[in-house]
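Please keep the 3D view open as you read.

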Amino acid sequence: MGDSKRRPLAGRRSLLLGMAGLASAALTACADRGGTTQPSTSSTSPPAPMSHRTGPAVPPPSIATRSSEQAAAALAPAVPPKSIPDKQQIVAEFAGRQPKEWGLHVTGVVNNSRSHHVALTFDACGGPGGTGCDHALLNTLRRHKVPATLFINSRWLHANPSLSAELALDPLFELANHGTAHLPLSVNGRAAYGIHGTATVAAAYDELMGNQAILQEISGKVPQFFRPGTAFYDDVAVEVTRRLGMLPVNFTVNGDGGATFSAATVAAEVGRAAPGDIVISHFNRPAAGTAGGYARALPQLLDQGVTFTRLGDILSP
């Protein structure tokens, strides 16, 4: 995009993205945790990072063994946009609700698309060291014409307004909501990897809708999908997400280990993807092995006849 087109977009986005809420202390609470695999010694945190096809410390049921009710809840449509309630309504509706589930595989979260395609998803988490862009990775996707869904946090948007606008215009990609302050999504402050989640229903609403408004302004579209910082939810927060018109999405394949895997490991993990899988990786850490791993894995998968899709082409909120 030329400079003559960039300046108006950048100015408009910068005004919006400079909102006071984005400079709050909540943003700095997880500023140095750009990925989703940061271990912690906190007693309330999982003792080990996520791995390929695994969940939190106490493994949840696998996709194959989840109950029919859980599977139906995961693939059920979210609330239509015209019916989305405001913050006061959400707080009143969910007042007093106590979570029963916590983790990556929670009732109502979409982990597997059950489609004939592989869905590649890439997070951009923001924060110090996490506001870069892996242009080599994006160029690899473009070269092979492989579509993807980009889950972007407001911190990354704030640091990259013009680039965000350009990505929104690229038909190969769709933008999705990765939260306002990159926090686990909860209604009682439960922590994951040492990061305390949203403490109340009202805070969960802000985490969801603060970034939703920014993404909608940038793209001109209402984002359809949400993934929280750390990818951890409780079941009440999942219901709030759906009530606000977004599908909560996680993954079946951890492609880059929060941008910590070597290129060889990324290639091996991504190379395991099969129809229905949702792959999580990151495009905000160009020094990681993510780009190199995808450069190896994608040609092989394409040669095997694997097809790729954006979430919005196979899932409908």
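This is a predicted model: local features need pLDDT of at least 70, side-chain atom pairs count only at pLDDT 80 or more; totals for chains, interfaces and linings use all residues.

**Two helix pairs**

Let's begin with helix α5 (residues 135–143) and helix α11 (residues 290–303), whose axes come within 8 Å and cross at roughly 15 degrees. Because angles under 35 degrees count as roughly parallel, α5 is roughly parallel to α11. Their crossing is left-handed. On the α5 side you will find Ala-136, Leu-137, Thr-140 and Leu-141, and these meet Thr-290, Ala-291, Tyr-294, Ala-295 and Leu-298 in α11. By class, the contact of α5 with α11 holds 7 nonpolar residues, 2 polar ones and no charged ones.

Now turn to helix α4 (residues 87–94) and helix α9 (residues 235–243), which pack at about 145 degrees with their axes 11 Å apart. The crossing of α4 and α9 is right-handed. Ile-90, Glu-93 and Phe-94 of α4 make the contact with Val-236, Glu-239, Val-240 and Arg-243 of α9. In this contact 4 residues are nonpolar, none is polar and 3 are charged.

**Nonpolar cores**

Which residues have the most contacts inside the largest nonpolar core? They are Leu-120, Phe-122, Leu-141, Leu-167, Phe-283 and Tyr-294, in a core of 36 residues. Helix α11 gives the most to this core, with 5 residues.

Leaving aside its neighbours within four places in sequence, Leu-167 is in contact with Leu-138, Arg-142, Leu-150, Trp-156, Phe-173, Leu-175 and Phe-283. A second, separate core has 19 residues, including Val-106, Ala-204, Tyr-233 and Leu-244.

**Positive phi angles**

Most residues other than glycine have a negative phi.

| Residue | Phi | Loop | Relative accessibility |
|---|---|---|---|
| Thr-230 | about 75 degrees | between β7 (225–226) and β8 (233–234) | 1% |

Thr-230 counts as buried because its relative accessibility is 1%, and buried means under 20%.

How values were computed. Residues are numbered from 1 along each chain as its sequence is written. Side-chain values use heavy atoms; hydrogens and water are left out. Axes are lines fitted to C-alpha atoms, for helices over the stretch in contact, and angles run from 0 to 180 degrees between N-to-C directions. Helices (H or I, at least four residues) and strands (E, at least two) are DSSP runs, numbered from the N terminus. Angles under 35 degrees count as roughly parallel, over 145 as roughly antiparallel, 65 to 115 as roughly perpendicular and the rest as oblique. A crossing is left-handed if the near helix is turned anticlockwise from the far one by less than a right angle, and right-handed if clockwise. Contact means heavy atoms within 4.5 Å. Ala, Val, Leu, Ile, Met, Phe, Trp, Tyr, Cys and Pro count as nonpolar, Asp, Glu, Lys and Arg as charged, and the others, Gly among them, as polar. A nonpolar core is a set of buried Ala, Val, Leu, Ile, Met, Phe, Trp, Tyr and Cys residues joined through side-chain atoms within 4.5 Å. Buried means under 20% relative accessible area, exposed over 50%, partly exposed in between (1.4 Å probe, protein chains only).
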